[in-house]
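Here is my notebook from a first look around this model. Follow along with the structure open, and check each entry as you go.

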Amino acid sequence: MADNILEISNLTKTYPGVVALDNISLSVRRGEVHAVIGENGAGKSTLIKSITGAIVPDQGVISFDGKEYSHLNPKLSAEIGIGVIYQEFNLVPALSVAENVFLGNYTGNGVTVDFKDMNDKAREAMRRIGIELNPQRPVSELTVGHQQIVEITRSLVKDVKLLIMDEPTAPLTNNEVEELYKIINALKEQGITIIFISHRLEEIFDLADRVSVMRDGRYVTTLEIPNSSTQELIQHMVGRELNKTFPERKKPLGEEILRVEDLTGNGVKDISFSLRRGEILGFSGLLGCGRTETMQVLYGAAKKKSGHVYLHGEEVKIKSTHDALERGIGLIPEDRKRNGVFLDMTIKWNTSIGCLRKKLVKWGVIVNEKQETVLALEYITKLRTKTPGMEQLVANLSGGNQQKVVVAKVMATDAEIMIFDEPTRGIDVGAKQEMYSLIREMVDTGKAVIMISSEMEEVMGLSDRIVVLCEGRQMGTLEREEFNQEKILTLASGIAM
Ligand SMILES: Nc1ncnc2c1ncn2[C@@H]1O[C@H](COP(=O)(O)OP(=O)(O)OP(=O)(O)O)[C@@H](O)[C@H]1O
Ligand SMILES: [Mg+2]
């Protein structure tokens, strides 16, 4: 029999109207990298939170390292060697790396803190995974990748046996992902077991020994990675055949509706492009290359230093996001928690908030409630948002389903020009296809889309042209016939062609 470090038996967790976990049983072998996959809302994060004791399941037993637990809590799970890295980091920016690593567990004699000891121990722990990072640096200065390393180190100094990561690669740049691969392999070599969640199937094949699939709160199967294929994983995950092609354009491009000349703002300089009716214009580049900043300036969310913007041939000054919306420009932001939705409000409320004035208000005050309901339902269906109903608070949705509400909110405004900043981050394979179809449908009805995406396949599959940026400068604009991954990457790394 295999030596299992973790055995979960009959785990169930329900919320009003939702069975988040439905009698799940699953085991994880000591020393393996075990991936967990499933559609948005399948119950992956809920499973993780049950293992770490962040939530209390209704029923079920967890045995860890040979001992059975019916009630875990975060403190106990940390003590017995379970570490976790959630998507939202738990760091204090003003404190140093070492202080964050030992947060709540400062070493010393009880009266004074032994900073040297903490620095040494943090440095030593990071060395174990091949990282040289100054323990005295404030966390506020670190990149996202390094912040994640601080989180990992925090588990390491507690002698973690099982490290769980919920979508760890989602916020990382390609280079950082590679570094994380190395770290995961180093952890594995030291006998630490890893569970990780990801929507990017290629990562599962790169990293995992086995993968467990969840669907609708239920356990589907566990597969050995060397004996499985992407197709098979998708089939188990979505329970249906998935047509992984990009929807083709049905209408020819129309007239130019937007022209941007020499747009300059914080972090971007002299960006010029045009956008035609019916077009999808992709923006590619490495993380931090200025794509988001360009759009923020265009959208009136960041200050424009110089440059010109023409809508339908007429120069316009967009001074605020309100201005942008009034002129028919919508933006689906990258950081949904901060800019996207109101978590404490319902799906219905969030879907209609952006278009209230335009569509739903009669005689200045009365909201057309019936239409509001129709609108919310329409997007729940179109985007396959998993929820017991439109009155559900967004805070109670899974990560990917929250992202769908952000998309719905902006799409519902019917803006003529829609800017999508990483629209499918955290979205499962099936829902991605739905989103591609929706974007295509939008442009086929005469709208135009600007799409920032770090996923090469997506940006190449959907765009008519691609603008490539590097360090705030425009490196080139490629026509569809010229698309090729190598070319884009070369431009993105600043090598002019
Ligand atoms: N606090 C809560 N209240 C009500 N429902 C909840 C709560 N937390 C989670 N759920 C529901 O439980 C289900 C499982 O959610 P979970 O976050 O585990 O999904 P997930 O597999 O992690 O999805 P994603 O890939 O989108 O992150 C979802 O339908 C979600 O809406
Ligand atoms: Mg999740």
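I began with strand 13 (residues 280–284) and found that it pairs with strand 20 in the parallel sense, over four bridges. For my own reference, strands pair if DSSP finds at least two bridges between them; strands (E, at least two residues) and helices (H or I, at least four) are DSSP runs numbered from the N terminus. Ile280 has Val449 as its bridge partner in strand 20.

A note on ground rules: this is a predicted model, where local features need pLDDT of at least 70 and side-chain atom pairs count only at pLDDT 80 or more, while totals for chains, interfaces and linings use all residues. Residues are numbered from 1 along each chain as its sequence is written, chains are lettered from A and ligands numbered from 1 in the order in which they are written, and side-chain values use heavy atoms, leaving out hydrogens and water.

Next I looked up the pairing of strand 19 (residues 417–421), which runs parallel to strand 20 and is joined to it by five bridges. Ile419 stands opposite Ile450 there.

Is strand 20 (residues 448–452) buried or exposed? I found five of its five residues buried (under 20% relative accessible area, with exposed over 50% and partly exposed in between, using a 1.4 Å probe and protein chains only). Ala448, Ile450 and Ile452 lie on one side, with Val449 and Met451 on the other.

Then I turned to the open sheet of six strands, whose order is 6-7-8-3-9-10 with mixed pairing. Strand 6 (82–85) and strand 10 (218–224) are the edges, and each has a single partner strand, so one side of each lacks a neighbour in the sheet. Inside this sheet, strand 3 (residues 33–38) and strand 9 (residues 210–215) pair in the parallel sense over five bridges, and Ala35 has Val211 as its bridge partner.

I checked helix 8 (residues 230–238) too. Its buried residues are Leu233, Ile234, Met237 and Val238. After the helix comes Gly239, with a positive phi near 70°.

Last, I visited ligand 1. Polar contacts here are pairs of N or O atoms within 3.5 Å. One oxygen atom of ligand 1 is 2.8 Å from a polar backbone atom of Gly41. An N or O atom in the side chain of Thr46 is 2.5 Å from an oxygen atom of ligand 1, and for the side chain of His199 I noted 2.9 Å.

Methods:
Polar contact = N/O pair within 3.5 Å; in protein donor to acceptor, adjacent residues only side chain to side chain.
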